[in-house]
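Here is a brief report on the fold of two protein chains. Look through the model before reading on.

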Amino acid sequence: MKTRVYVTLKGGVLDPQGKAIHHALGSLGFSGVNDVRAGKLIELDHDEGVSDTDIEAMCKKLLANTVIENFRIERS
Amino acid sequence: MKSAVIVFPGSNCDRDLAVAIRDVTGHAPEMLWHGESELPDGIGLIAVPGGFSYGDYLRSGAMAARSRIMRAIVEAAGRGVPVLGICNGFQILTEAGLLPGALMRNEGLNFVCRDVALTVENSQSTFTARYDAGETIHLPVAHHDGNFTADSGTLDRIEGEGRVAFRYAEAVNGSARNIAGILNDSGNVLGMMPHPERVIEAAHGKTDGRRLFEGLLETVA
């Protein structure tokens, strides 16, 4: 069974990497992009018995740093 | 003073830190592998060195902060044992929840490797007792993820409680309020991005880092 965890920076947190990507897109001639935020996608391949609560605990304890990041769990 | 330097896969400032502690205190620290579960009895200082523990996988310091020895370090910090985290060590201590905030990629994305001017903000702590408040010192930095970030409430709180130990006297990495080093609420845990262990003897060109270890020796002994 597979679950995807999306880790993204919280709204108020500045994203230096996103800013650099935004700048690079502009220098390649792509216009109309107003902002870029970079995040992470973590794919977990796990047993059926692993619950939503377990995955949420994994996110809070390791996969995301909740000081600066949000996470979203997408089970397939 | 009995001390330990914690060693993770990818630590690379552990030996410099051990030499600094040995030179100033006269006692070589125990080099403690991260897989250990216990600290030496009667330990007076736990030092978490710089480097790239676990190759900075996931986030700088994230994996190291979940290693076995960290449980003993968190427990010892709670008992008031001084814990010093330098560079990657600072990142590890924030990831372990011993210090507030987080260290993000430098603004401008550059790896910054040079001497920087710092203002000593708090000269009352175990770590900064040999410095004068308001004094300017120079220490080297060498990091990619030194951009200290916390919400404004946390920043106001640590400023109000005198927990900013060192502040950059110039823009270095985008750190909130130019914060270079902070203390925990009881003052026995210090995390800092600059490297005091790299400037402790005349041959290093500067000795501004030496007083940090001298202060520890006096206050901890």
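What share of the 76 residues in chain A is buried? Buried residues make up 12%. A residue is buried if 20 or more other C-beta atoms lie within 10 Å of its own, exposed if 12 or fewer, and partly exposed in between, with C-beta atoms placed from the backbone.

## Basis

This is a predicted model: local features need pLDDT of at least 70, side-chain atom pairs count only at pLDDT 80 or more, and totals for chains, interfaces and linings use all residues. Residues are numbered from 1 along each chain as its sequence is written, while chains are lettered from A and ligands numbered from 1 in the order in which they are written.

## Chain A: overall build

Chain A has 2 helices and 3 strands. From the N terminus, the order is β-α-β-α-β. Helices (H or I, at least four residues) and strands (E, at least two) are DSSP runs, numbered from the N terminus.

The radius of gyration of chain A is 16 Å, well over the 11 Å that the globule rule gives for 76 residues, so the chain is more spread out than a compact globule. The radius is taken over C-alpha atoms, and the rule is 2.2 Å times the number of residues to the power 0.38. The C-alpha trace of chain A spans about 50 × 25 × 15 Å along its principal axes.

## Chain A: sheet

The 3 strands of chain A form an open antiparallel sheet in the order 2-1-3. Strand 2 (40-45) and strand 3 (69-75) of chain A each have a single partner strand, so one side of each lacks a neighbour in the sheet. Two strands pair if DSSP finds at least two bridges between them.

Strand 1 (residues 2-9) and strand 2 of chain A pair over 6 bridges, in the antiparallel sense. Here A:V7 stands opposite A:K40 of strand 2. Helix 2 (residues 52-63) of chain A packs on the sheet and touches strand 1, strand 2 and strand 3. Contact requires C-beta atoms, placed from the backbone, within 7 Å.

## Chain B: sheet

In chain B, 9 strands form an open sheet in the order 2-1-3-4-11-10-9-6-7, with mixed pairing. Its edge strands are strand 2 (30-33) and strand 7 (136-143) of chain B, each pairing on one side only.

Strand 1 (residues 3-7) and strand 2 of chain B pair in the parallel sense over 4 bridges. The bridge partner of B:V7 in strand 2 is B:W33.

Key:
Two residues are in contact if their C-beta atoms, placed from the backbone, lie within 7 Å. Axes are lines fitted to C-alpha atoms, for helices over the stretch in contact, and angles run from 0 to 180 degrees between N-to-C directions.
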